[in-house]
Amino acid sequence: MFELWSKGGDAFRRVLPAVMAISIHRNQEKSAFFWAISLQSERLADLGVMYDRLHVTIVDKDGENHTFEVAAGDNLLDIAQANDLEMEGACGGSCACSTCHVIVESDDMYDKIPEASDDENDMLDLAFGLTETSRLGCQVQMSPELDGLVVKLPQMTRNMQASDFEKR
């Protein structure tokens, strides 16, 4: 039996199809609710659900490191926004702006990320502080190969929209 404890519902949402039993416990010392989710590891394997946690570090604009445990398939924009980091994502993650621009710290790790699409490259051309290892956070999905990824947020972002180029 595998037990997963989480202060929020995010982990619960990821493993919902494999949940066998759920109970809510109140921690009297910290006055916090914790979800206790009991899972049968065989059931997880049958459903193809991975419960191995990956790690990503996001360096904010002030140079502070924020390391998170995430699941395979999570993208950097969602991770940053879920943890209240300053990453705008003006287009909602549809690869139509450059406000989720990140800079991958390691060339080796950058090479492990699938190649950027033409749409992503077009948006990156509009990004402030573009580097050789720049990517859009909405397009970088975590995978076991990217465990330990470190990305840095640029000092500024530029929100260019089609309406900025319309005649007035």
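1. C100 is buried, at a relative accessible area of 1% (buried means under 20% relative accessible area, exposed over 50%, partly exposed in between, with a 1.4 Å probe and protein chains only). The model is predicted: local features need pLDDT of at least 70, side-chain atom pairs count only at pLDDT 80 or more, and totals for chains, interfaces and linings use all residues. Residues are numbered from 1 along each chain as its sequence is written, and side-chain values use heavy atoms, with hydrogens and water left out.

2. On the cysteines, the count of disulfides is 0, a disulfide being a pair of cysteine sulfur atoms within 2.5 Å. C100 is in no disulfide, and the nearest cysteine sulfur, that of C138, is 3.7 Å away. For C91 the closest cysteine sulfur belongs to C97, at 3.6 Å, which is too far for a bond. C91 is partly exposed, with 22% relative accessibility.

3. An open sheet of 5 strands runs in the order β5-β4-β8-β6-β7, with mixed pairing. Strands pair if DSSP finds at least two bridges between them; helices (H or I, at least four residues) and strands (E, at least two) are DSSP runs, numbered from the N terminus. β5 (65–70) and β7 (134–136) are the edge strands, each with a single partner, so one side of each has no neighbour in the sheet. From one strand to the next the twist averages 35° (axes are lines fitted to C-alpha atoms, for helices over the stretch in contact, and angles run from 0 to 180 degrees between N-to-C directions).

4. V102 has R135 of β7 as its bridge partner. R135 is also among the residues touched by E120, together with C95, L136 and Q139, not counting residues up to four places away in sequence; contact means heavy atoms within 4.5 Å. E120 lies in helix α5 (residues 118–124) and is buried, at 1% relative accessibility.

5. The largest nonpolar core holds 27 residues, and V56, I58, L76, I79, M142 and L149 have the most contacts inside it. Such a core is a set of buried Ala, Val, Leu, Ile, Met, Phe, Trp, Tyr and Cys residues joined through side-chain atoms within 4.5 Å. At least two residues come from each of β4 (54–59), β5, α3 (76–82), β6, α5 and β8 (149–152). The most come from α3, which gives 4 residues.

6. M142 has contacts that include L54, V56, V70, L76, I79 and L149, leaving aside neighbours within four places in sequence. Its partners also include H55, D74 and D147.
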